[in-house]
Amino acid sequence: MSIPNEALQKLVQEIETQAINAQREINVVKAAVASKQRDIRMLELTSTEVKQLSNDTKMYEGVGKMFMFTPVDKVQTRLSSETAELKSDISNLNKKLHYLETTHKNSREHIDQIFKSTGR
């Protein structure tokens, strides 16, 4: 039993839409990963600079329109926690990227199978 052409076209369009959406999301996720990696690099460079300072160095962090005194160890702790959080985000984004790439690949394979089975 063969599938009617209209149903086949609708099926191909749905699968192609899914593949296009997956490709679009892949690009968004890759951009987010690159952005977070840049942020990690900046935090690591800042952390390296802060480690070179003595503990009695006065440090100030911006809070809105003002600056507040913050001890060096608290700054270092904040930098470490932000770095760990970004690494966790990147790990989650990589999992999402893998899922999206698999979805895109499967969609393309399904479209190829449909065309091969119909002989088009």
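This is a predicted model: local features need pLDDT of at least 70, side-chain atom pairs count only at pLDDT 80 or more; totals for chains, interfaces and linings use all residues.

Colleague: OK, is threonine 118 buried, exposed or partly exposed?

Modeller: Partly exposed, because its relative accessible area is 33%, and buried would need under 20% while exposed would need over 50%.

Colleague: And how far is threonine 118 from asparagine 5?

Modeller: Their C-alpha atoms are separated by 9.5 Å, although the two sit 113 residues apart along the chain.

Colleague: Which residues does helix α2 cover, and which other threonine lies there?

Modeller: Helix α2 runs over residues 72-118, and threonine 83 lies in it as well.

Colleague: Is threonine 83 buried or exposed?

Modeller: Buried. Its relative accessible area is 10%, so it falls under the 20% cut-off.

Colleague: What is threonine 83 in contact with?

Modeller: If you skip the neighbours within four places in sequence, threonine 83 is in contact with Ile40 and Leu43.

Colleague: Let's zoom out. What pattern does the chain follow along the sequence?

Modeller: It reads α-β-β-α, with two helices and two strands in the protein chain.

Colleague: How do the strands β1 and β2 pair?

Modeller: In the antiparallel sense, over five bridges, with β1 at residues 59-63 and β2 at residues 66-70. Glutamate 61 stands opposite methionine 68 in β2.

Colleague: And what about the turn, how many residues are between β1 and β2?

Modeller: Two, and the strands form a hairpin. Glycine 64 is in that turn and has a positive phi of about 65°.

Colleague: Switching to overall shape: what's the radius of gyration of the protein chain?

Modeller: It is 25 Å, whereas a compact globule of 120 residues would have one near 14 Å. Along the principal axes, the C-alpha atoms fill a box of roughly 80 × 25 × 15 Å.

Colleague: How much of the chain is made up of buried residues?

Modeller: Buried residues make up 24% of the 120. The accessible surface comes to about 9000 Å², and 54% of that belongs to carbon and sulfur atoms.

Colleague: What share of the contacts comes from residues 24 or more positions apart?

Modeller: Counting contacts with a separation of 6 or more, those residues account for 75%.

Colleague: Last one, charges. How many positive and negative side chains are there?

Modeller: There are 18 positive and 16 negative side chains, and the centres of the two sets lie 1 Å apart.

Key:
Residues are numbered from 1 along each chain as its sequence is written. Side-chain values use heavy atoms; hydrogens and water are left out. Helices (H or I, at least four residues) and strands (E, at least two) are DSSP runs, numbered from the N terminus. The radius of gyration is taken over C-alpha atoms; the globule rule is 2.2 Å times the number of residues to the power 0.38. Buried means under 20% relative accessible area, exposed over 50%, partly exposed in between (1.4 Å probe, protein chains only). Contact means heavy atoms within 4.5 Å. Accessible areas come from the Shrake-Rupley method with a 1.4 Å probe; for residues, only the protein chains shown count as cover. Lys and Arg count as positive and Asp and Glu as negative; His and the chain ends are not counted. The place of a charge is taken as NZ of Lys, CZ of Arg, CG of Asp or CD of Glu. Two strands pair if DSSP finds at least two bridges between them.
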